[in-house]
Amino acid sequence: MGFFYSVVSPHMTEYTESLARKIGLIDALLFFVIWSCAGFISAAHPWGALPVIVFLLVPASALVGWRGAAFVRLILAGAASLRRAVIEGFGWGAAFVFAIWLWGAASSAFAAGGVLDGLSPFQAEFWYAVSVTLLPALGIGGVLGALHGMALFFLNRWLVRVNPPLNPDAPPNGGAQVALNADRLQCLGNRPTR
């Protein structure tokens, strides 16, 4: 199973799917509010952070919400771990920064100006510009993604724990254990298992 693969059962109950969406929305809103406040506080004038919030923070919040919902499904399936959250966070953080860098470089190239003007991928100067601008940004984005992955792992695990199903007799994994136990009893001729 790859690091970016999410476990989604076709038989996922309404409760688990609803909980995954709800916690993913909480993750996205929390991410958006915290980083919006940081942007507004650090901006030179109040509206200076608005373009960054609209063009970068909204898509990043959507990514955080999507990954949060997917990770809640992993938590409910018992396949989540802190290591996986950190590695996925690093990968998605670096991928998001790469997309932003590529968008900025493409905008500069199409505008016939900027850092990469007149450079070709066959020149050493191009790779120097990439190593000076992209590699540190990828590292920073990856570390920030890993930290967010770690923090949201603990938050999501806690949120799953404090949101029990409405039917307290229902198993937390959506009935799979009940079906497994019924199959075992049927295979054993209705004899109780140890």
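Is Phe153 buried or exposed? At 6% relative accessibility, Phe153 counts as buried, where buried stands for under 20% relative accessible area, exposed for over 50%, and partly exposed for values in between (1.4 Å probe, protein chains only).

## Basis of the report

The structure is a predicted model, in which local features need pLDDT of at least 70 and side-chain atom pairs count only at pLDDT 80 or more, whereas totals for chains, interfaces and linings use all residues. Residues are numbered from 1 along each chain as its sequence is written, and side-chain values use heavy atoms, with hydrogens and water left out.

## Overall architecture

The chain contains five helices and zero strands; helices (H or I, at least four residues) and strands (E, at least two) are DSSP runs, numbered from the N terminus. Read from the N terminus, the order of elements is α-α-α-α-α. The chain has 194 residues, of which 28% are buried.

## The largest nonpolar core

A nonpolar core is a set of buried Ala, Val, Leu, Ile, Met, Phe, Trp, Tyr and Cys residues joined through side-chain atoms within 4.5 Å. The largest such core has 13 residues, and those that touch the most other members are Leu19, Ile23, Phe71, Val72, Leu76 and Val160. Helices α1, α2 and α4 each give two or more residues to this core. The most comes from α2, with six residues.

## The largest pocket

Rolling a probe the size of a water molecule over the atoms shows where empty space is left. On a 1 Å grid over the protein atoms alone, a cavity is a set of points where a 1.4 Å probe fits but cannot get out, while a pocket is an open set with protein on both sides within 12 Å along at least five of seven lines; lining residues have an atom within 4 Å of a point. Grid points are joined across faces, edges and corners, and a volume is the space filled by probe spheres set on the points.

The largest pocket holds about 760 Å³ of space. Its lining consists of 33 residues, and Phe31, Ala60, Val64, Gly145 and His148 are the closest to the centre. Two or more lining residues come from each of α1 (14–42), α2 (50–77), α3 (82–110) and α4 (124–162). By residue type, the lining divides into 21 nonpolar, nine polar and three charged; here Ala, Val, Leu, Ile, Met, Phe, Trp, Tyr, Cys and Pro count as nonpolar, Asp, Glu, Lys and Arg as charged, and the others, Gly among them, as polar.

## Aromatic contacts

A pair of aromatic rings is described by the distance of the centres and the angle of the planes. Rings of Phe, Tyr and Trp (its six-membered ring) pair if their centres lie within 6.5 Å; planes under 30 degrees apart count as stacked, over 60 as edge-to-face and the rest as tilted. The count of aromatic pairs is five. In one of them, which is tilted, Phe55 and Trp103 stand 6.4 Å apart centre to centre, with 55 degrees between the planes. Phe55 belongs to helix α2 and Trp103 to helix α3, so the pair ties together parts that are 48 residues apart in sequence. Phe55 is exposed, at 52% relative accessibility, and Trp103 is partly exposed, at 48%.

The pair of Phe153 and Phe154 is edge-to-face, because the ring centres are 5.3 Å apart and the planes meet at 70 degrees. Phe154 is partly exposed at 39% relative accessibility. Together with Phe71, the residues Phe153 and Phe154 form one aromatic cluster. A charge also meets a ring: the charged end of Arg67 sits over the ring of Trp66, 4.8 Å from its centre, the rule being that NZ of Lys or CZ of Arg is within 6 Å of the ring centre and within 35 degrees of the ring normal.

Ala146 lies in helix α4 and is buried, with a relative accessible area of 11%. From C-alpha to C-alpha, Ala146 is 4.3 Å from Phe90, although 56 residues separate the two in sequence. Arg83, in helix α3, is exposed at 64% relative accessibility. Arg83 and Ala146 are 63 residues apart in sequence and 9.6 Å apart between C-alpha atoms.

Ala137 is also placed in helix α4 and counts as partly exposed, at 25% relative accessibility.
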